[in-house]
Amino acid sequence: MLRIGRRFYLIMAISTLALLLACSFPVLAGDLDPFAGDAGTVKISGGTAHIPVMKEAAKQIMQHYPNVRITVAGGGSGVGIKQVGEGLVNIGNSGRKPTDKEIAKYDLKMFKWAIDGVGVVVNPKNPVKALSRAQVKAIFAGRMDNWKAVGGTDKAITIYTRDEASGTRAVFWKKAIDKGDITARANVVVSNGAMKSAVANDPYGIGYVSVGHIDNSVMPVALDGVTPTLETVKNGRYKVARGLFSNTRGEPTGLTKQFIDFLFSQTGQKIAAEKGFVTVN
Amino acid sequence: MLAQTSIKIKVRNLFFSYAETAVLKDLTVDILDRSITAVVGPSGRGKSTLLSIFNRLWEDIPGARMKGSVHIHLDGTDRDIYHPACSLPDLRRKVGLVFQIPNPLPMSIYKNVAFPRKLAGGSSKQQVMDAVETALKQAFLWEDVKDRLREDARSLSGGQQQRLCMARALVVNPEVLLLDEPTSSLDAEATEIIEQLILSLKENCTIVMVSHDMAQVKRVAERWLELSEGKMMANGRISAPACRAR
Amino acid sequence: MAKRMIEKCVTAFAWLSGLLLTASVAGLMGYVFVKGAGSLSLSLFFGDTAPMDALLFRRQVFDGIFPAMVGTLTLVGLSISIAVPVGVATGIYMAEYATGRTKHIFGLFFDILAGIPSILVGFFGFSVAVFLHHQVSDRIAPCLLISALALAFLVLPYLIRTTQTALENLPRQVRVTAPALGASPIQTIFYVLLPQSLSGIVSGIILSIGRCAEDTAVIMLTGVVATAGLPSSLLSNYEALPFFIYTISSQYADHTELMRGYGAAIVLLAICALLFTLATLIRHRLSDHLLYGGR
Amino acid sequence: MRTERLVQHLLGLAAACSVAVTVLIFGFMVILGLPLITGGAFFQMFTSPWLPSQAVYGIAPMMVGTVSIAGLALAFSFPVSLGCAALISVLGTGPLPALLHRLVRFMTGIPTVVYGFAGIFVLVPMIREWVGRGSGMCIFSAALLLAVLVAPTMILFFSDSFSSVPKAYLTAADALGATPVQKLFHVVIPCSWRGLITGVVLALGRALGDTLIALMIAGNATAMPGSVLDPARTLTAHIALVVAADFDSLEFRTLFACGIILYVCTTLMVIFTRRVGAVSERRLWRSA
């Protein structure tokens, strides 16, 4: 315990010193990337499905160009749209298409750089592998509250849902359960990551998550016979799909534009594919 | 002779109380210049209070109240020390006070003695050094500490600490020196030195001291003032058998 | 006989309570330590960046908690440097100048401020940021400066009270020494009273640092983000250690990230333990030294 | 003399600023929440449920969540804290009680987020296994963890007031042949009831004001909880969850209602503890 403390203080001491020196350090020479020689900040917030891609893109850019700063926050699609509209951030991500009202109010420009699905997931220990749309509706409305009813063990169902700002929730609500009720007894989690870890830790849990986030810690459930995967989303068989949008207020300029261009570049699209999304180019 | 009979402190119709408890009632007394006056009496009769009235150190005590007037002859003029125009720091520099328990500040010996000069400001480094040396000599402490002026004052013995406090009071050349049972926390040997010191200071200052020790009063004081029932028993000029007045 | 039984039961209950409390704390913290011990390595701090490059800010750190630590450090430094002057000055005012009604009412306000849930302080910071964004400049948004201000408000009452208590607890003898030598009130405060009560004030400051370092509720409303790199300016977003732990706890993507969360929890715990020990030492050692002399 | 005045004014200014902050926090909430109050929706919120799909934004479930989590936490924590305090100040023998005292003081320095982190990975799975249904994130789990969190506040306050019972009383009881337990019940506790009440109220304030434990452990469901094994959302967690919403929306406005309730409650508690009169420096140990 003490050793860490000492190390920490050493770091503190050095970092304070370095902070003073930092300004005078020469900028690393850049390649032909459009970010070369740029300095500034891009603030990003909103959709949590986007976060892995945003983080990776930020990492790659910032590692090469330390003068460029990209901050990534979550909050959900609603937050992203609101904050970019208010000018609190440069890019507001959303996992749903902004409404016409929102577009008009804030003069939003939308950039759809990937396609994603929203899949129902359960714990891998759960024997239930497929559900009909009616069953999913009944479960999320709280009318069906035992796994036995859908062919599972005799255990109560724990429902996980997202907060109201979530685009994933909006898409799920609209396309998977046809704007049906989601019970207020559901546990509320604040991001796709949190949804995944919640269901991964709960043998009797059910939730819905961005298809890009599905890995072996949770199990996707086939909806009306179609399992949500990258493939089924890509070929259009899985219908609960949505675009991943990055929105700006007005036409993007400067660093913001370069960042969005980067998302559409080969490297950017490669990142999106790696993180489990369907690319657009 | 004339100088010795002039009045230094003039107290008229003084009343004093702490919250509900009256401590001094209608006290009127004159204290003569360059004399040693002892204030005696049972505990709780306001002996220390009387000293604190002379330098207004009681004023921050909640509930304390005073009535009456106190004039002290300072800088050649007679001053009402409770007049709003009277500067408190000035008064306290002219009327020094040494406490019952030695209270050196947590700093070096030199800094302790120089502290009041620093507070007053306006002296050069050399002047302060000279003043400190003079004060320490006056307080019979110079020989003990001249080689260790940078040491922490609290490393001194009790008697030395008390002499340090005397030196600290003397360094701004006070006209009146108030001593609140200055030897009560000391042993016989240290007490003797302090008593000699007090006698030697008489040439420059008017000294008012509180003491419980009648023998000490007889050894040191020229007059005494007995506070009992909040009133003055012997009226300044000492008429009791132990009188050593000329 | 029944009396003996009661006697025994009560004593047993007391010991059991002690045991229960110790066991729960030890269980919770022990679990974090045992699970997280393996994650303590240089890569926990610096990810795949070379430590020297990171320390000299030549390269950004990803997948390490270094930016979060620097963020927390900057945040704590900022808020403490805002809170200490105001807090200590207010404490001095309360102890030395305020009297009667003023003192009572001010004291009430500071007690209320101390009692306000931290999330409300964060919410206040957020509302102020949005307000300023609309009214003053659209460059202002929840950011490092807003967080630092909000945190400063959070620890302000603590600083006020420790300063006030430290000053008020000084014995009267110390208090009258300097005035008796002709010191003015200000001289008395700055030359004698403050130095004498320094240990109390300093340990209060250190505990406030701990409070700033561990707080999560305030910063999550006022500008902390998941990824920001090192804080670049007062108006930028930043990362912080407690928020990092909070995010990881609910939305870790894989085992590596979870382990980083454990590592961060241990580091934060260690920092707070260190600050706490330091404060305790200063309170005891320094006060003995200053007030009662070198015995 | 002029510098004297100047410094005094500066100190006074600092104090005024500190007071201003307290007032501002309340003022901001009231002013921003004003449309709500004048619109009449303010008091409706306290009784309605949270049904965003029907545009009903009430915070009644959150109020129940807050009260039940804090109340349960206190119910768990109080007996244990009383036992620990008694052990530390009166009943204990040997070196262990002093060690416990030190541990309790140290507990005040443990970050809340670390408690929450450990809670998610230790407590929640345990509760889930034990209950056999649900996520393990419920009022009960949150209250258990919160009980550990508020225990130091109570223990330190209790043991302080136990220790400040005049020695003479204890000696008198000893002289009459009282056992330690008798001393505790007949002398110590009757003499320090003010301290006990104050300690409990302070701990309650701390439990009501805590955000992170509830946010991480309680499940954040917006339904009115039916049992302690149901997930619930507290007012504080509600603020943290909804703060990111549209600033103009009605759901965002509910935050001001939450804020005002919390502010008023804690203020009342502070006034109460000041009335009871056993306020000491201890109250500030990581309160809020």
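Helix axes are lines fitted to C-alpha atoms, for helices over the stretch in contact, and the angles between them run from 0 to 180 degrees between N-to-C directions. In this predicted model, that convention applies to helix α5 (residues 100-115) of chain C and helix α13 (residues 250-276) of chain D, which pack at an angle of about 130° with their axes 9 Å apart.

**Confidence of the model**

The model as a whole scores ipTM 0.81 and pTM 0.84. Chain A has a mean pLDDT of 85, with 88% of its residues reaching 70 or more. Within chain A, however, the pLDDT is below 50 over residues 20-32, a stretch that has eight contacts in the model beyond near neighbours in sequence. Chain B averages a pLDDT of 83, and 90% of its residues score at least 70. Among the elements of chain B, the lowest mean pLDDT, 48, belongs to helix α1 (residues 2-5), and the highest, 92, to strand β7 (residues 176-180). Residues 233-246 of chain B keep a pLDDT under 50, and for them the model has 25 contacts beyond four places in sequence. In chain D the average pLDDT is 87, and 95% of the residues score at least 70, although over residues 278-288 of chain D the pLDDT stays under 50, while the model has 47 contacts beyond four places in sequence for that stretch.

**How the chains meet**

Four pairs of chains are in contact, and of these chains C and D share the most contacts. Chain A and chain B are joined by no contact, and their closest C-alpha atoms lie 31 Å apart. Chain B and chain D do not touch either, with their nearest C-alpha atoms 10 Å apart.

**Helix packing between and within chains**

| Helix pair | Axis separation | Angle |
|---|---|---|
| α1(C) and α4(D) | within 8 Å | roughly 110° |
| α5(C) and α13(D) | 9 Å | about 130° |
| α8(C) and α9(C) | 9 Å | about 160° |

Helix α1 (residues 2-36) of chain C and helix α4 (residues 60-91) of chain D cross at roughly 110°. Because angles of 65 to 115 degrees count as roughly perpendicular, α1(C) is roughly perpendicular to α4(D). The crossing in which α1(C) passes α4(D) is left-handed. On the side of α1(C), the residues that meet α4(D) are C:V10, C:T11, C:F13, C:A14, C:W15, C:S17, C:G18, C:L20 and C:L21, and their partners in α4(D) are D:P79, D:V80, D:G83, D:C84, D:L87 and D:L91. By class, this contact of α1(C) with α4(D) has eleven nonpolar, four polar and no charged residues.

The pair formed by α5(C) and α13(D) has an angle that makes the two helices oblique to each other, and α5(C) passes α13(D) in a right-handed crossing. In this contact α5(C) contributes C:H104, C:G107, C:L108, C:D111, C:I112 and C:G115, while α13(D) contributes D:Y263, D:T266, D:T267, D:V270, D:I271 and D:R274. The contact of α5(C) with α13(D) divides by class into five nonpolar, five polar and two charged residues.

**Domains and a loop in chain A**

The domain assignment of chain A gives domain 1 as residues 29-115 + 243-279 and domain 2 as residues 117-241. The C-alpha centres of these two domains of chain A lie 27 Å apart, and 15 residues of domain 1 are in contact with 17 residues of domain 2.

A:M144 is found in the loop between α5 (133-141) and β6 (158-162) of chain A. Leaving aside neighbours within four places in sequence, A:M144 is in contact with A:A138, A:I139, A:A149, A:V150 and A:I157. The C-alpha atoms of A:M144 and A:A156, which are twelve residues apart along the chain, are separated by 9.3 Å.

Note on methods. Residues are numbered from 1 along each chain as its sequence is written. Chains are lettered from A and ligands numbered from 1 in the order in which they are written. This is a predicted model: local features need pLDDT of at least 70, side-chain atom pairs count only at pLDDT 80 or more; totals for chains, interfaces and linings use all residues. Side-chain values use heavy atoms; hydrogens and water are left out. pLDDT is the predictor's confidence in each residue, from 0 to 100. Contact means heavy atoms within 4.5 Å. Helices (H or I, at least four residues) and strands (E, at least two) are DSSP runs, numbered from the N terminus. Angles under 35 degrees count as roughly parallel, over 145 as roughly antiparallel, 65 to 115 as roughly perpendicular and the rest as oblique. A crossing is left-handed if the near helix is turned anticlockwise from the far one by less than a right angle, and right-handed if clockwise. Ala, Val, Leu, Ile, Met, Phe, Trp, Tyr, Cys and Pro count as nonpolar, Asp, Glu, Lys and Arg as charged, and the others, Gly among them, as polar. Domain bounds come from an automatic or database domain assignment.
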